[in-house]
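Keep the model open beside you as you read.

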Amino acid sequence: MTEESLHARCYLWFHSEFPELRGLLCYNLNNSRNKIQAMMDKGKGLQKGRSDMVFYYKGTATMIEFKIETGRQSKDQIEWQKRIELAGFKYYIIRSLEEFQELIKKQLTLF
């Protein structure tokens, strides 16, 4: 399984399991098409290392990074995780659909 397929499986599960929450789990477009687009995206606020998704729920924002079993964070991702956690947000690395399901269910029961 690739990180992209894990990401898609998790999103599709969420989308079908919680139709009333559609729009609260958002993909972060992290990769620009080319160098020109990258410069334009950076000028609009694109952040290196940002998590793959954010789940917004009842005044919180939970950052979600998808990695397959052998996947590792880049230096930029580690730095962004540190910044976001220092700002008081939660950050999770998800390696399976089951981990994602547990995380979402946990988040929904916290509030």
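**From charges to core**

The protein chain carries 18 positive and 14 negative side chains, and the centres of these two sets are 6 Å apart. Please keep in mind that this is a predicted model. The accessible surface of the protein chain amounts to about 7300 Å², with carbon and sulfur atoms contributing 55% of it.

Now let's turn to the fold. You will find 4 helices and 4 strands in the protein chain, and from the N terminus they follow the order α-β-α-β-β-α-β-α. The radius of gyration is 14 Å, close to the 13 Å that the globule rule gives for 111 residues, so the protein chain is as compact as a globular protein of that length. Along the principal axes, the C-alpha atoms fill a box of roughly 40 × 30 × 25 Å. Among contacts with a separation of 6 or more, 63% join residues 24 or more positions apart.

What about the inside? Of the 111 residues, 36% count as buried. In soluble globular proteins, nonpolar side chains tend to be buried together. Here the largest nonpolar core has 18 residues, and those with the most contacts inside it are Phe14, Phe55, Ile64, Phe66, Phe100 and Ile104. Helix 1 (3–17), strand 2 (53–57), strand 3 (60–66) and helix 4 (97–110) each give two or more residues to this core. Helix 4 provides the largest share, 5 residues.

Technical notes. Residues are numbered from 1 along each chain as its sequence is written. This is a predicted model: local features need pLDDT of at least 70, side-chain atom pairs count only at pLDDT 80 or more; totals for chains, interfaces and linings use all residues. Side-chain values use heavy atoms; hydrogens and water are left out. The radius of gyration is taken over C-alpha atoms; the globule rule is 2.2 Å times the number of residues to the power 0.38. Buried means under 20% relative accessible area, exposed over 50%, partly exposed in between (1.4 Å probe, protein chains only). Contact means heavy atoms within 4.5 Å. Accessible areas come from the Shrake-Rupley method with a 1.4 Å probe; for residues, only the protein chains shown count as cover. Lys and Arg count as positive and Asp and Glu as negative; His and the chain ends are not counted. The place of a charge is taken as NZ of Lys, CZ of Arg, CG of Asp or CD of Glu. A nonpolar core is a set of buried Ala, Val, Leu, Ile, Met, Phe, Trp, Tyr and Cys residues joined through side-chain atoms within 4.5 Å.
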